Amino acid sequence: MKFTAAQIAGILNGTVDGDEGVEVSQLAKIEEGNTGSLTFLANPKYTHYIYSTKASITIVNDDFVPESKIETTLIRVENAYKAFSQLLEYYNQVKMNKTGIENPVFVSESAKYGENLYLGAFSYIGENVKIGDNVKIFPNVYIGDNVTIGDNTILFTGAKLYSETVVGVACVIHSGVIIGADGFGFTPNEKGEYHKVPQTGNVIIEDNVDIGAGTTIDRATLGATVIKKGVKLDNQIQIAHNVIIGENTVIAAQTGIAGSTKIGKSCMIGGQVGIAGHIIIGDNVKIQAQSGIGRNVKDNETLQGSPALNYADYNKSYVYFKNLPKIMDRFNIVEKKLDNE
């Protein structure tokens, strides 16, 4: 895809200083720009690069005044960083604007879908599936029976939605995500042998949820595992059966959440956090990376450690942890003196 400086200025509501007809087809850092690329200058630390960059077009702030000759065409905007982000979003939308059904695919006769569907090759759509408008389903996606997918949702290559899953509007589900697999439910008999407990519930993903690559969300034993609207999940997260995650909570990679735990809204959970089952975590909770949570957590707490402590208490305790050998040496000296008295 190629865009002229005039077209880009129109998208960004900016003005062109230079050749309005110059074309670009790729994005680049200002120090790495080449002919045919577009870049931006927002941080003053990088100003010197604008005099040597080979990028064909550079987005700058309105008040930028060059101190010497430049070769790149300028597009002047109110806020260069914000404008470049806007352009990235626009570029992504254009790049992703695929429609139509490729071959081969399998679509059940009972499945229904809306307008502007994109269905990539080797995808499978099961019985009684309902798909909204403007949905993008990339190649090798599996959608099981009785699944519902809302408008403007994107499923990237290799995502798998088991039967009965419900996905809301404007969700993004990345490659390798598995939604609706059986929860880890087993019961032992008198011989110590484990037998599977049927997992008969489903998973509900509400609107505007992002789910990172390789993340797995298990179906409920009964009822539903629920990811509420606005939740953002990183790559390789495990969410067990009957978990509920509140609105606008964000969770970083490799976190594991055990069954039937309820997490509140607007929480921030770091990477590699382990959360035990059947507990309640309140709203606006912050959990530092690699923490282990085994108890209920009140609203607005900030935790660190394993088992997790209050963040401030953890930092105070850590001073003693790291100095423990010295403290023990001093303790032993005092103990010997007391023994000799």
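This is a guided tour of the structure above, stop by stop.

The model is predicted, so local features need pLDDT of at least 70 and side-chain atom pairs count only at pLDDT 80 or more, while totals for chains, interfaces and linings use all residues. Residues are numbered from 1 along each chain as its sequence is written, and side-chain values use heavy atoms, with hydrogens and water left out.

**Stop 1: helix 1**

Select residues 5–12, which form helix 1. Helices (H or I, at least four residues) and strands (E, at least two) are DSSP runs, numbered from the N terminus. The buried residues here are A5, I8, A9 and L12; buried means under 20% relative accessible area, exposed over 50%, and partly exposed in between (1.4 Å probe, protein chains only). These residues cover an arc of only 100° around the axis, which puts them on the same side of helix 1. The arc is that of the directions from the helix axis to the C-beta atoms. An α-helix has 3.6 residues a turn, so residues three or four places apart point the same way.

Next, select N13, which follows helix 1 and has a positive phi, near 60°.

**Stop 2**

Axes are lines fitted to C-alpha atoms, for helices over the stretch in contact, and angles run from 0 to 180 degrees between N-to-C directions.

Which residues make the contact? Helix 1 contributes I8, I11 and L12, and helix 2 contributes A83, Q86, L87 and Y90. Contact means heavy atoms within 4.5 Å. By type, the residues of this contact are 6 nonpolar, 1 polar and no charged. Ala, Val, Leu, Ile, Met, Phe, Trp, Tyr, Cys and Pro count as nonpolar, Asp, Glu, Lys and Arg as charged, and the others, Gly among them, as polar.

**Stop 3**

Two strands pair if DSSP finds at least two bridges between them.

Select strand 7, residues 73–77.

Strand 7 pairs with strand 2 (residues 15–17) in the antiparallel sense over 3 bridges; V16 has I75 as its bridge partner. With strand 6, strand 7 pairs in the parallel sense over 5 bridges. Here I57 stands opposite T73, and T58 has L74 as its bridge partner.

Move to strand 6, where 4 of the 5 residues are buried. Strand 5 and strand 6 pair in the parallel sense over 3 bridges. L38 stands opposite I57, and T39 has T58 as its bridge partner.

**Stop 3: two loop residues**

Select S56, in the loop between strand 5 and strand 6 (57–61). S56 is buried, with a relative accessible area of 11%. Leaving aside neighbours within four places in sequence, its contacts include V22, V24, N34 and T72.

Then select E32, in the loop between strand 4 (26–27) and strand 5 (37–40). E32 is partly exposed, with a relative accessible area of 47%. The C-alpha atoms of E32 and N332 are separated by 61 Å.

**Stop 5**

Another open sheet has 9 strands in the order 10-13-16-19-24-27-30-33-36, with parallel pairing. Its edge strands are strand 10 (112–113) and strand 36 (280–281), each pairing on one side only. Strand 33 (residues 262–263) and strand 36 pair over 2 bridges, and I263 has I281 as its bridge partner.

**Stop 4: helix 3 and helix 4**

Finish with helix 3 (residues 311–322) and helix 4 (residues 324–340), which pack at an angle of about 60° with their axes 4 Å apart. Y320, F321 and K322 of helix 3 meet L324, P325 and I327 of helix 4. This contact has 5 nonpolar residues, no polar and 1 charged.
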